[in-house]
Amino acid sequence: MISTPDNLLTMARRMLPDANLAATNLPLCPEIQLWLFNGDALNRPLSPDEQLSVQEYPCYWAFCWASGHLLARYILDHPKLVKDRTVIDVGCGSGAVAVAAAMAGARQAIGCDLDPDALAATDANARLNGVRVDLLDDFFNWRPEPGFIPEPLIVAADLLYDRGNLPLVDEFLKRSRHVLIGDSRIRDFSHPSFETTDTCESSNQPESSGFDEFHTVNVYQSF
Ligand SMILES: C[S@@+](CC[C@H](N)C(=O)[O-])C[C@H]1O[C@@H](n2cnc3c(N)ncnc32)[C@H](O)[C@@H]1O
């Protein structure tokens, strides 16, 4: 799949006809650029039809969520976490974390998302940053290379906003002891194999009025 900025713009305009995208440097990670929403389309009053269209096709991939933003920084600052490992960014959206993992020396960075448009955005964002990110449409289709060690690092940034995804955490642990979760949405995550290793301020990019209360990211690591 080759994803061009024009393809992404066509996808974004399914949500709002006047949507625009721009290659945007992340405030916490100025070394990373992503194709993200830009301009006033999100900040003007929406007609009832437009509100429906936003609900039906929310383009999560055109935002970098607070947790992806923060975990991208975390990985760039802690390259040993990913060095020579496969890193699977589950619920990759824009692919911010997968791009950071590739930049930080991962052996293989994989962006995984159920939304094909998110995979297209991840592909375009990998190209924008001059790194390779492989794409996966379903975490359960991932197979390790036989006999390859070390185990992957599995990362989930703002994936648990959908509580239906909570059982995935145990599926991650069946495949690797190394799991890194960032979440700005759920405040009561508790699991016997995880500890909270950090609580940090981040931001959603671009900021949008619906996101105001979700700036604080808890980081959970398996042990
Ligand atoms: C809130 S966005 C976060 C995107 C990105 N991780 C970030 O922090 O910017 C959640 C993403 O997870 C994807 N997603 C939701 N459930 C998923 C699942 N079970 N497997 C893979 N992707 C999923 C959605 O399509 C969406 O792109």
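A compact globule of 223 residues would have a radius of gyration near 17 Å, and the protein chain has 17 Å, so the two agree. The model is predicted. Along its principal axes, the C-alpha trace spans about 50 × 40 × 30 Å. The protein chain holds six helices and nine strands. Of its 223 residues, 52% count as buried. Take the contacts with a sequence separation of 6 or more: residues 24 or more positions apart account for 68% of them.

The largest nonpolar core has 33 residues. Ile32, Leu71, Ile75, Val82, Val155 and Leu180 touch the most other members. Two helices, α3 (66–77) and α4 (96–103), each give two or more residues to this core. So do the strands β2 (29–38), β6 (153–157) and β9 (216–222). Ile32 shows what such a position looks like up close. Leaving out residues up to four places away in sequence, Ile32 touches Thr24, Asn25, Leu26, Ala72, Leu76, Ala96, Val99, Ala100, Met103 and Asn129.

Now the helix packing. Two packed helices are described by the angle between their axes and the distance between the axes. Here the pair is α1 (residues 5–15) and α5 (residues 116–128). Their axes come within 10 Å and cross at roughly 145°. The crossing of α1 past α5 is left-handed. On the α1 side, Leu8, Met11 and Arg14 make the contact. On the α5 side, Asp117, Ala120, Ala121 and Ala124 do. Sorted by type, the contact residues are five nonpolar, no polar and two charged.

Beyond its sequence neighbours up to four places away, Ala124 touches Ser3, Leu8 and Trp35. Asp170 lies 46 residues from Ala124 along the chain, and their C-alpha atoms are separated by 31 Å.

Strand β7 (residues 178–183) contains Gly182. Gly182 is buried because its relative accessible area is 0%, under the 20% limit. Neighbours within four places aside, Gly182 is in contact with Ser67, Leu71, Ala156, Ala157, Asp158, Val217 and Asn218. Leu159 is 23 residues from Gly182 in sequence, and 8.4 Å away in space, C-alpha to C-alpha.

The backbone has some points to check. Most residues other than glycine have a negative phi, and most peptide bonds are trans. Asp158, one of the contacts of Gly182, has a positive phi near 50°. Asp158 lies in the loop between β6 and α6 (168–175). At 6% relative accessibility, Asp158 counts as buried. Asp84 also has a positive phi, of about 65°, although it is not a glycine. Its place is in the loop between α3 and β3 (86–90). Is Asp84 buried or partly exposed? Its relative accessible area is 45%, so Asp84 is partly exposed. Finally, the peptide bond from Gln205 to Pro206 is cis, with omega near -10°. Pro206 sits in the loop between β8 (194–201) and β9.

Technical notes:
Residues numbered from 1 in each chain as written. Predicted model: local features only at pLDDT ≥ 70, side-chain atom pairs only at ≥ 80, totals over all residues. Heavy atoms only, no water. Core = buried A, V, L, I, M, F, W, Y, C linked by side-chain atoms within 4.5 Å. Buried < 20%, exposed > 50% of the residue type's maximum accessible area, 1.4 Å probe, protein only. Helix = DSSP H or I, 4+ residues; strand = E, 2+ residues; numbered from the N terminus. Contact = heavy atoms within 4.5 Å. Axes fitted to C-alpha atoms, helices over the stretch in contact; angles between N-to-C directions. Left-handed = near helix turned anticlockwise from the far one by under 90°. Nonpolar A, V, L, I, M, F, W, Y, C, P; charged D, E, K, R; others polar. Rg over C-alpha atoms; globule rule 2.2 N^0.38 Å.
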